[in-house]
Amino acid sequence: MSTLVADLRRELEQARTGADTARDRAAQQAREDLVQEIGRAIGLVADETIDPEQVIAELTDRASAADRKLRDYRIKDALLTAATTQKADHALLMPYLRGTGALGALDPEASDFTTHLDTLVTDALTANPKLAATPITPRSGGDFTAGNATPPAPADEEDIDAIRRKVRASIADTRT
C-alpha cells in the first residue's frame, strides 16, 4: 500500500509540474504574441504576409506623388514671381492658366522654364486684360472714422500723485 501511495504522489507531482510548465509556456507565448502585435502596429515588426513587390509599388507611388507636389510648388512659386514682375493678379492667373492647360506642359527642370512661364503670363495678360492686378487706389477725402476707442493719456500734471500734491498744497494754504 505504501508503494501505491508513493506512486500516486509521484504521478500527482508530475501532473502539477506539467501543468505549471504548460501554463508558463502559454503565458510566455501570449506575451510574445502581444509584443509582435504591438510591434506590427507601430511598424517595428514587419508582417510575414507582405509582398516585396507590393511594398515597392507603394513606395514608388509615394515618390511620384511627392515629385508631383514638388513640381506644383515650383510652378506656383515661379508663377507668383512672374505675376508680380508683370503686375498680374496671381489669384486669378493661377486658375486661369490651369483651366487652359498651359501649366501641365511646363517642366520646372528645363533651362528655359522661367522664360517660358513669363511668355505664358504675357500671353494670358494680352488675351485677358482682366488678369492684370488692379492698383490700390488711395482714399480721397477726409478721415471720418470714429478714431480709436482708447481715452487719451492723462497729462503729467493730472496723475493721481499730482492731484494729491495740489490738494495738500491748497489745504496747507488755507491753514496759514
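1. L8 belongs to helix α1, residues 2-42 (helices are DSSP runs of H or I, at least four residues, numbered from the N terminus).

2. The model is predicted, with local features needing pLDDT of at least 70 and side-chain atom pairs counting only at pLDDT 80 or more, while totals for chains, interfaces and linings use all residues. Residues are numbered from 1 along each chain as its sequence is written, and side-chain values use heavy atoms, without hydrogens and water.

3. In helix α3 (residues 90-100), L93, M94 and L97 are buried (under 20% relative accessible area; exposed means over 50%). Viewed down the axis of α3, these buried residues fall within an arc of 100°, so they line one face of the helix (the arc is taken from the directions from the helix axis to the C-beta atoms). A91, P95 and G99 are exposed on the other side of α3.

4. The buried residues of α3 pack against α2 (52-85) and α4 (113-127), contact meaning heavy atoms within 4.5 Å. After α3 comes G101, with a positive phi near 85°.

5. The buried residues of α4 are F113, L117, L120, V121, A124 and L125. Down the axis of α4 they fall within an arc of 130°, so they line one face of the helix, whereas T126 and A127 are exposed on the other side. The cover over the buried residues of α4 includes α2 and α3.

Note on methods:
Buried means under 20% relative accessible area, exposed over 50%, partly exposed in between (1.4 Å probe, protein chains only). Helices (H or I, at least four residues) and strands (E, at least two) are DSSP runs, numbered from the N terminus.
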